[in-house]
Amino acid sequence: MREEEDEKVRKRVSTSITNVLTHCGDFIAHATTLGGKYITNKPLYQLANLKVMETEAYALVAAVDVAFVNWKYAVAVRKDEFEGLQAVCALVIAEVTMDGASEVTVEQLRTIMRLLRGERKTPKDPKKPDTNYRSVSQMDFDMIVSNFATFLTMVGADENYDPATETIKLVTLQAKLEVLRSVNTNALVAEAELDAARAARNEFFNTAVTGLCDVFNKAKNVVLINFGRKSEQYAKVKGLVFRKISVR
């Protein structure tokens, strides 16, 4: 599941980013104590720019956190709305059967039910394990919406379909379809926004030369040049690690 994989990656990346941001603060604090002795003619490594970059980094990380929370919420809402759909469809099939629909219609509806469950239309033959079966697993939410829409089209074509139960009336089912479309779209949009926020953050951290990690790694050379390799000042910053974000 995307959610499970994302949570594992998020925790690993979050720890690495936290370390980088902590080291940014440590470097800036140390460079500040050096006062006018932290000297460079290159604007990219000057203290003022380092502070701006640190502030921007925190803002981009915060934007990812917000997008992540929004995505998790959208996914949870979608899960709740899709819950129980198969049970409702089973009731519809029972109603259609009671109304005297043809065996062909009932079987077609049952086929769609199998798609909603992610079952194979043709079960595998244990005697032919190498047979190339075409999978009909349709458990992705967009496919569920599509299959449910087809299901309702078939039900709506049955002139005898007139259930007494409100939950399986055609108008109720059509309203449910629109809700499913909406929450699925919201989850997809939230996922896209999360991906975009992560891409912006990663670009800021990882870009060669002008990215945060390269800038702070090279800024350590400013201290090296000003004070020497064996100096106490350089010893305090040389161990600071600014590792680029590792993504899948």
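Trainee: Which helices do the buried residues of α4 pack against?
Mentor: In this predicted model, they pack against α3 and α5. The buried residues in question are V106, L109, T111, I112, M113, L115 and L116.

Trainee: How do you know that the span of α4 is close to the expected one?
Mentor: α4 has 15 residues, and its first and last C-alpha atoms are 21 Å apart.

Trainee: What about α3, and which of its residues are buried?
Mentor: α3 covers residues 85-98, and its buried residues are L85, C89, V92, I93, E95 and V96. Why say that they share a side? Because they cover an arc of only 160 degrees around the axis, which puts them on the same side of α3. Their packing partners are α2 (47-82), α4 (103-117), α5 (141-156) and α6 (170-206). As for its span, α3 has 14 residues and reaches 20 Å, close to the 20 Å expected. Just after α3 comes G100, with a positive phi of about 85 degrees.

Trainee: What makes the phi of V209 worth a remark?
Mentor: V209 has a positive phi of about 70 degrees although it is not a glycine. Most residues other than glycine have a negative phi. V209 sits in the loop between α6 and α7.

Trainee: Is V209 called buried, exposed or partly exposed?
Mentor: Partly exposed, because its relative accessibility of 42% falls between the 20% and 50% cut-offs.

Trainee: Why is the pair K176 and E81 called a salt bridge?
Mentor: The closest N and O atoms of K176 and E81 are 3.1 Å apart, and the cut-off is 4 Å, so the pair qualifies.

Trainee: How many salt bridges does the structure hold?
Mentor: Five. Another of them joins R114 to E107, with the closest N and O atoms 3.0 Å apart. R114 counts as partly exposed at 21% relative accessibility, and E107 counts as partly exposed at 36%.

Trainee: How far apart are the closest N and O atoms of K244 and D214?
Mentor: They are 3.7 Å apart, which is within the 4 Å cut-off, so this pair is a salt bridge too. The pair links distant parts of the chain, with K244 in the segment after α8 (232-235) and D214 in helix α7, 30 residues apart.

Trainee: Which residues of the largest nonpolar core touch the most other members?
Mentor: Of its 31 residues, these are F27, Y38, L50, F205, L212, F216 and F242. The elements that give two or more residues to this core are α1 (2-33), α2 and α7 (212-227), and α1 gives the most, with nine residues.

Trainee: What is F216 in contact with, beyond its neighbours within four places in sequence?
Mentor: F216 is in contact with C24, F27, I28, L50, M53 and F242. There is also a second, separate core of 24 residues, which includes I144, V145, F148 and L152.

Trainee: How many helices and strands are there overall?
Mentor: Eight helices and zero strands. Buried residues make up 35% of the 248 residues.

Trainee: Among contacts between residues at least 6 apart in sequence, what share joins residues at least 24 apart?
Mentor: That share is 72%. The protein exposes about 14600 Å², of which carbon and sulfur atoms supply 54%.

Notes
Residues are numbered from 1 along each chain as its sequence is written. This is a predicted model: local features need pLDDT of at least 70, side-chain atom pairs count only at pLDDT 80 or more; totals for chains, interfaces and linings use all residues. Side-chain values use heavy atoms; hydrogens and water are left out. Helices (H or I, at least four residues) and strands (E, at least two) are DSSP runs, numbered from the N terminus. The expected span of a helix is 1.5 Å times one less than its number of residues. Buried means under 20% relative accessible area, exposed over 50%, partly exposed in between (1.4 Å probe, protein chains only). The arc is that of the directions from the helix axis to the C-beta atoms. Contact means heavy atoms within 4.5 Å. A nonpolar core is a set of buried Ala, Val, Leu, Ile, Met, Phe, Trp, Tyr and Cys residues joined through side-chain atoms within 4.5 Å. A salt bridge is a side-chain nitrogen of Lys or Arg within 4 Å of a carboxyl oxygen of Asp or Glu. Accessible areas come from the Shrake-Rupley method with a 1.4 Å probe; for residues, only the protein chains shown count as cover.
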